[in-house]
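I would like the cut-offs stated along the way.

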Protein chains: 2
Amino acid sequence: MSETRTAQLMDGSGLAQRIVEETAARAAEITDRTGVAPCLATVLVGEDPASATYVRMKRARCAKAGITSRHIGLPATTTTAELVDTLAELSGDPDVHGILLQHPCGPHIDERAAFEAIAPEKDVDGVTMHSFAAMSFARPGFVSCTPGGIMRLLEAYDVELAGKRAVVVGRSAILGKPAGMLLLAKDATVTYCHSRTDDLSAIVREADVVVAAVGRPRLILGEDIKPGAVVIDAGYSPGNVGDVDHDTAVTRAGLITPVPGGVGPMTIAVLLEQTVRAAANQLGTRHHV
Amino acid sequence: MSETRTAQLMDGSGLAQRIVEETAARAAEITDRTGVAPCLATVLVGEDPASATYVRMKRARCAKAGITSRHIGLPATTTTAELVDTLAELSGDPDVHGILLQHPCGPHIDERAAFEAIAPEKDVDGVTMHSFAAMSFARPGFVSCTPGGIMRLLEAYDVELAGKRAVVVGRSAILGKPAGMLLLAKDATVTYCHSRTDDLSAIVREADVVVAAVGRPRLILGEDIKPGAVVIDAGYSPGNVGDVDHDTAVTRAGLITPVPGGVGPMTIAVLLEQTVRAAANQLGTRHHV
C-alpha cells in the first residue's frame, strides 16, 4: 500500500528571510539615526570545525543584515575563568550590543558559569538563567533562539495552541526546556519527554503539537504521529537528518518542518532580530526589551 | 458498593517536625559558633488577616527553631517602588540572612518587580527568577518552599520518579512551574495542566504522580486517580479543602497527602531550613549554597 503525503511543509527558510529583511531595515534605521551599527560579539573556544562553520555562517548573515560582528577566537586551552573574563568584558563594552557564545565549549568549560557572565541585556542568544526565567514567566527579555524561532513558525501558520497537547521531546536548557515554557505561556498543555521517558510512542501519539529537540536521528516514527498533528523537528544530526522520520511522518502530520529549511534558518533569524533589538535598547532608540 | 481506603497517608507534619528539629540544632550550632542567630526578615503589605496569620505563624516557628525574625509591616498604600526599596535595603543588610515577602501583595503591586529586589542569596522562599532558573537547571540555589517540601515528601516515602508520568495541575511561578521543573530534574515525564487544559480527567488518569496546585476545591476526583498513584494535594481553599476530593481519592491512591498536615507544614519547614542555610552561607560557617 502506498501512503500519500498529507502534510504541508512549514517554510522556515521563507519566514526567516522575511524576518531578516525586516531586521536589516531596522538595523539600517538605527545606523542612520545613531551613526552606530548594531554589533554582535561572537565567541568561539577551540577549533571544532562544525562550530567554526556555524559562527562563520552567523557572522555572514549579520553582515548581510547590516549588523557588524566582532569575533573573539579563544584557544582550546582557555579556562572557564578566562572565558568568563572575556564575556564579562564584552558585557561591559558599550560598543557591543549582543553576545553569542558558540557552544558546546568543550568538556573542560563550565558552560553555565560562562553563560552567566553574559549581561541579560546582551543575551541575544537567550542562554542565561535570567532569559530562561523571563521566558518561563512571560516577562520581557530575550528568548532562546531556536525555541523562539519555533514559536514564530507556529504563529506564522496560525497553529492554535490554547488547550492543545504539546509534547516536547528533549529537556536541554536552551532548547527543550524553554520551548516547553513558551508553549505553556501560549496555554498549551505541555509534556516534557526525555531519555528516561517510559513509552515515548504512547505519549507522542496523543500530541497535537510535537517538538522534537534531542538530536537522535529518526527517534520519532511517523506511525506515532497523530493524524493532522503539527510536527516541529528541531533535531540535528549529521547528514541533515532530524529527530523525526520525515518520510513516514509526512504521511500523517498536518504541518511539518523540513530538515533543512525548517527550524534552522529561524534560529539565525531570531538571533539577528534580537541583536538589533538589543542595539536599539542600548542606543536608546526604543524602549527597553 | 462500599469502597475501602487503600492509600497510605503521607505524614507531612511528622516529616516537617523532624526537619525543623534538625534545623533548630543547626541554628543553635551557628549561633554558638558565630554569636549571631540566623535572621529572617518578613515583609507584609497591608492588613489582610489571612496573610497576617501566615506571617505570625512563620515567625512563631522561627522563634521555636532559634531563628530570629524581623518583621516589616507596610501600609496597604505602599507603592511598588517603596516595596522594592525596602526589599533592596534588607538584601544589603548584613544582619538579615533570609527575606520572605508574604504574597499576594495586592493588585496595585508589581509582585515580580518586588521579588526581584530580593538578593538571590537571601531568597529563602525561592521566589526570584534566579531561584526558578536554578531549580530548572538543577543548579545550586534555594527552592520554592512548597515545591521543595513536595520533593522532600516524595523522597521520604521512596517514591520512584525516573520514567514515571507526573502531572502538575497548575502553573504558578512559585508552585506549579517549579514543582514541574523539580520533578523533571528527577527524570519524571512531566505534564503541566492548567485552566485551559482540555480533558484534564484523561490526563490525570495516566499519572503515576499527581501534584494538584491550583486552589480550586475538589477539582480532581477520585475516579480520575490511577490505582496506586501518588497524590500530592498542594491546593488550599478555605475550610481546609484541597484540590483533590480526598474521600474518593483515598480509595484509589497508593500514597496521598492529607489536608491539613500534608504539604502545608513542609512548606514552613523548608523555609526555616533554607533560612538557616542562608545564614550559614553568609556567616561563613559552610560553603555557598
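Pro260(A) sits in the loop that runs between β9 (255-256) and α10 (263-282) of chain A, where helices (H or I, at least four residues) and strands (E, at least two) are DSSP runs numbered from the N terminus. The peptide bond leading from Val259(A) into Pro260(A) is cis, with omega near 0°. In chain B, the bond from Val259(B) to Pro260(B) is cis too, with omega near 0°, and Pro260(B) lies in the loop between β9 (255-256) and α10 (263-283) of that chain. Another backbone feature is Asp199(A), which has a positive phi of about 55° without being a glycine. Asp199(A) belongs to the loop between β6 and α8 (200-204) of chain A. For context, most residues other than glycine have a negative phi, and most peptide bonds are trans.

A word on conventions before going further. This is a predicted model, in which local features need pLDDT of at least 70 and side-chain atom pairs count only at pLDDT 80 or more, while totals for chains, interfaces and linings use all residues. Residues are numbered from 1 along each chain as its sequence is written, chains are lettered from A and ligands numbered from 1 in the order in which they are written, and side-chain values use heavy atoms, leaving out hydrogens and water.

Now to the sheets. Chain A has an open sheet of three strands in the order β3-β2-β4, with parallel pairing; two strands pair if DSSP finds at least two bridges between them. Because β3 (68-74) and β4 (98-101) of chain A stand at the edges with a single partner strand each, one side of each is left without a neighbour in the sheet. From one strand to the next, the twist averages 20°. Strand β2 (residues 39-45) of chain A runs parallel to β3(A), joined to it by seven bridges, and Val45(A) has Leu74(A) as its bridge partner in β3(A). Lying across β2, β3 and β4 of chain A is helix α2 (residues 49-64), which runs at about 170° to β2(A); axes are lines fitted to C-alpha atoms, for helices over the stretch in contact, and angles run from 0 to 180 degrees between N-to-C directions.

Strand β3 of chain A also takes part in a charged pair. Arg70(A) and Asp93(A) meet in a salt bridge, 3.0 Å from N to O, the term meaning a side-chain nitrogen of Lys or Arg within 4 Å of a carboxyl oxygen of Asp or Glu. Arg70(A) is in β3 and Asp93(A) in the loop between α3 (80-92) and β4 of chain A, so to speak distant parts of the chain, 23 residues apart. Over all chains, the whole structure holds 24 salt bridges.

What is the strand order of the open sheet formed by 12 strands? The order is β1(A)-β9(A)-β8(A)-β7(A)-β5(A)-β6(A)-β6(B)-β5(B)-β7(B)-β8(B)-β9(B)-β1(B), with mixed pairing. Its edge strands are β1 (8-9) of chain A and β1 (8-9) of chain B, each pairing on one side only. Within chain A, five bridges join strand β5 (residues 165-169) to β6(A) in parallel, and Val167(A) stands opposite Thr191(A) in β6(A). Where the chains meet, β6(A) and strand β6 (residues 189-193) of chain B pair in the antiparallel sense over three bridges. There, Thr191(A) has Thr191(B) in β6(B) as its bridge partner.

The rest of the interface builds on this picture. In total, 32 residues of chain A are in contact with 32 residues of chain B, contact meaning heavy atoms within 4.5 Å. About 2900 Å² is buried between the two chains, 63% of it from carbon and sulfur atoms; buried area is the accessible area (1.4 Å probe) that two parts lose on being put together, summed over both. Met129(A), Phe137(A) and Leu184(A) supply 22% of the area that chain A buries against chain B, more than any other three residues.

Charged and polar pairs cross the interface as well. Six salt bridges are counted between chain A and chain B; in one of them, Arg171(A) pairs with Asp187(B), with the closest N and O atoms 2.8 Å apart. There are also 15 residue pairs in polar contact across the interface, both residues at pLDDT 80 or more. A polar contact is a pair of N or O atoms within 3.5 Å; within protein, one must be able to donate a hydrogen and the other to accept it, and residues adjacent in sequence count only if both atoms are side-chain atoms. On the side of chain A that touches chain B, α4 (111-116), α5 (129-136), α7 (176-185) and β6 (189-193) of chain A each supply at least two residues, and α5(A) gives the most, with six residues.
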